[in-house]
Amino acid sequence: MSDNIIKDYLTGKQIDTTHKPEEVIRQNYLKVLHQEYGYPIENMATEVHIKSGISEVTDVVTGTPKRADIVIYKDAKKNYDDIYIIVECKQPKNEVGEVQVKSYGNCTTASIVVWTNGENIKYWERTKPTKYGYKPKLYLPRYGEYYGQKKILKTELKPATDLQLKFKKIHNNIYANTQSSDKTRVFNQMLYLIFIKMYDEKTFDDECKFYISDLEEEEILKNGESASFRKRLFDMFEEVKRSALFSDVFSGKEEIELLEEQVAYVVSELEYLSLLYTDVKGEAFQAFINNYFRGDAGQYFTPDPIKNMMVNIIKPAPTKDTVYDPACGSGGFLVSTINWFRNCIKHRLGYVDSNGTVKEDSELTRVEKMLVASQIKDLAGKNILGTDFDNNLTKIAKMYMIMVDDGHSGIFTENSLINLSELQAKTGRIKEECCNVILTNPPFGSKGKISRKDILENYDLGYRWKKEQDTGIYKITDKIEKNMLGGKKKGDGQIPDVLFIERCFHLLKPGGRMGIVLPDGDLSNQTLEYVRQWMIERMLVVGVISLPAHTFIPFGAGPKSSVLICIKPSNGIVPEEYPVFFGKLQKIGYDVRGKVQYKRNEKGDLIDKNGDIIDETNEIEIQKNAVVDSDIPELLEAWDEFYFKNKSILW
């Protein structure tokens with residue numbers, strides 16, 4: 001099926017969206033209206049002719065009949081005299097159409113008109129008895145509710161249909177209205193409001209406090225402020241900052257700096273949704289993070305297939321292993337570990353289907369979800385550790401982990417490469433031999449070389465090494481790398497990934513194992529031969545997995561890299577011979593643009609896991625049965641075979 005062919009949400013028929021970008025907006029909003037707001041499909045219609053009396057309204061220039069993009073009727077009979085809502089959809093970036101949708105409302109019985117271009121949305125209530133009067137609103141009532149009747153119970157909150165798009169819309173609105181060039185400041189303001197939303201969901205009140213009443217909305221739209229709205233929302237933020245749940249996330253000095261109208265907009269976008277019970281909240285949050293925080297060398301984001309592959313290889317034990325990422329960024333590896341723990345817990349509790357496959361969260365009851373979440377929180381609080389020098393990223397990492405049931409108390413804002421005794425004094429938990437498992441993708445490349453003498457002098461690999469001519473073996477010298485003392489010479493210092501290799505070794509307990517992403521230069525460059533010698537003298541490098549060249553390109557970086565699986569010998573002795581697993585991935589489920597790739601047969605038909613052809617016009621069937629085209633499952637099978645064959649040597 002062409003990228004331009006999509007499925008009509010109401011009829012299931014194919015639609016060619018070539019030269020029709022507004023059609024994508026319409027289909028997405030139909031899904032939102034049905035799944036989030038509860039409007040029945042049988043009450044909705046598209047391309048409805050607008051009439052004036054008994055005559056169709058036509059364009060004065062072209063003479064073509066005018067049609068409403070989406071119409072919601074009061075009931076399934078779909079009588080023209082019972083139109084309730086009219087929606088006008090425009091292509092992205094198109095800001096016109098307000099007059100058009102209001103004119104449609106004037107010709108009908110519509111009580112509400114809506115305009116959207118996908119990223120922005122506006123609502124108006126039609127005033128009575130004035131025919132041409134419209135009052136701006138900040139939200140759309142759910143099915144069966146009307147303006148002036150808002151009461152939001154937590155049991156009625158719905159999962160978001162596209163949380164990533166929702167986050168993007170909120171961010172764009174804040175960014176546009178603050179006129180700030182500081183993207184971190186804008187991002188943090190959004191985070192504060194999401195924290196309030198999640199805090200409200202976690203409290204035991206039956207009714208939500210994270211909402212805006214119709215009276216408060218009218219006050220804000222008229223005067224720019226509402227005393228009751230401000231007090232409720234801003235008081236909740238003070239509670240959030242004082243809450244034991246978030247005590248190590250906030251300093252207490254944070255402030256909501258947005259205008260009340262902006263806060264009201266964000267609240268109106270999220271008030272009917274449940275962030276806690278949206279299954280893909282973690283994935284949506286990580287994808288959203290990646291759009292705004294991209295490191296020069298993949299520092300902030302490791303693709304999910306690679307993170308999950310590494311976790312599946314290392315197989316951390318929930319009750320036995322302490323898992324640490326010394327360059328955690330936004331927390332991706334740690335969240336992947338928590339999700340691994342989640343599946344282990346579901347297995348133990350018997351939350352599996354008839355085939356023994358772990359059930360998705362959406363298949364669990366609310367009580368079952370809460371039980372899993374409580375056990376995750378306990379395990380993650382004890383067994384998850386992470387550090388990063390960027391305070392903005394660690395704050396995001398903590399937020400990310402809270403969204404997937406917690407473990408944020410083990411995240412620290414520190415430079416993992418400083419003296420270990422100093423690191424221990426600052427964190428209390430990060431010290432020599434503090435963990436059984438390390439999963440990490442450290443920053444790498446010459447652009448960010450470490451030149452501080454007080455750091456370099458703590459590492460063997462912070463010094464220069466010299467190759468002996470007679471033996472071919474490298475020996476450490478007494479000179480800091482490149483004779484580096486002040487960092488003034490171009491090229492002086494050590495690349496960070498090399499120092500992280502040594503730091504990880506010392507952080508691991510004897511018998512501990514590590515999965516680390518490294519640039520291929522560390523494995524092949526002649527100038528770094530001494531680094532490889534240092535590694536193989538101290539660790540068992542039991543796995544080397546070459547990643548495709550495009551692995552990091554869609555996520556803001558493009559270095560050719562590999563994954564190393566290493567073990568710190570329990571007795572300190574590296575055997576002369578031991579088995580090594582070599583793997584080479586060619587397909588990882590997405591292309592150079594980051595677009596998901598599915599398996600197809602020789603004729604190009606989309607197929608399921610049994611090789612049967614999938615109807616490409618059926619979006620639900622694709623989501624349910626299509627198989628991502630990746631070598632990773634086969635590689636993991638080969639690894640498991642290797643592991644069980646050599647278990648006595650591995651772990």
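This is a predicted model: local features need pLDDT of at least 70, side-chain atom pairs count only at pLDDT 80 or more; totals for chains, interfaces and linings use all residues.
Residues are numbered from 1 along each chain as its sequence is written, and side-chain values use heavy atoms, with hydrogens and water left out.

**Around Asn117**

- Asn117 sits in the loop between β8 (112–116) and β9 (121–126); helices (H or I, at least four residues) and strands (E, at least two) are DSSP runs, numbered from the N terminus.
- With a relative accessible area of 1%, Asn117 is buried (buried means under 20% relative accessible area, exposed over 50%, partly exposed in between, with a 1.4 Å probe and protein chains only).
- The Asn117 side chain also reaches the backbone nitrogen of Asn120, at 2.8 Å.
- Setting aside neighbours within four places in sequence, Asn117 is in contact with Ile25, Lys90, Gln91, Pro92, Lys93, Asn94 and Glu95 (contact means heavy atoms within 4.5 Å).

**The six-stranded sheet**

- Strands in the order β3-β6-β7-β8-β9-β10 make an open sheet of six with mixed pairing; two strands pair if DSSP finds at least two bridges between them.
- Its edge strands are β3 (44–49) and β10 (134–137), each pairing on one side only.
- From one strand to the next, the twist averages 30 degrees.
- β3 and β6 run antiparallel and are joined by five bridges, and Arg67 in β6 is the bridge partner of His49.
- β6 (residues 67–73) also pairs with β7 (residues 83–89), in the antiparallel sense over four bridges; Tyr73 stands opposite Ile83, and Ile72 opposite Ile85.
- Six of the seven residues of β6 are buried, so this strand is largely enclosed by the rest of the structure.

**The eight-stranded sheet**

- A second topic is the open sheet of eight strands, ordered β13-β12-β11-β14-β17-β19-β18-β20 with mixed pairing.
- β13 (411–413) and β20 (581–584) stand at the edges with a single partner strand each, so one side of each is left without a neighbour in the sheet.
- Ignoring direction, neighbouring strands of this sheet are turned by 15 degrees against each other on average.
- β18 (residues 540–546) runs parallel to β20, and four bridges join them; Ile545 stands opposite Gly583.
- Helix α11 (residues 366–383) lies across β11 (323–325) and β12 (384–388), at about 55 degrees to β12.

- α4 (residues 183–202) and α6 (residues 227–242) pack at about 85 degrees with their axes 9 Å apart; axes are lines fitted to C-alpha atoms, for helices over the stretch in contact, and angles run from 0 to 180 degrees between N-to-C directions.
- That angle makes α4 roughly perpendicular to α6 (under 35 degrees counts as roughly parallel, over 145 as roughly antiparallel, 65 to 115 as roughly perpendicular and the rest as oblique).
- Tyr192, Phe195, Ile196, Tyr199 and Asp200 in α4 meet Leu233, Met236, Phe237, Glu239 and Val240 in α6.
- Ten of the eleven residues of α7 (residues 260–270) are buried, so α7 is largely enclosed by the rest of the structure.
- The cover over the buried residues of α7 includes β9, α3 (163–178), α4, α5 (214–223) and α6.

Technical notes:
A polar contact is a pair of N or O atoms within 3.5 Å; within protein, one must be able to donate a hydrogen and the other to accept it, and residues adjacent in sequence count only if both atoms are side-chain atoms.
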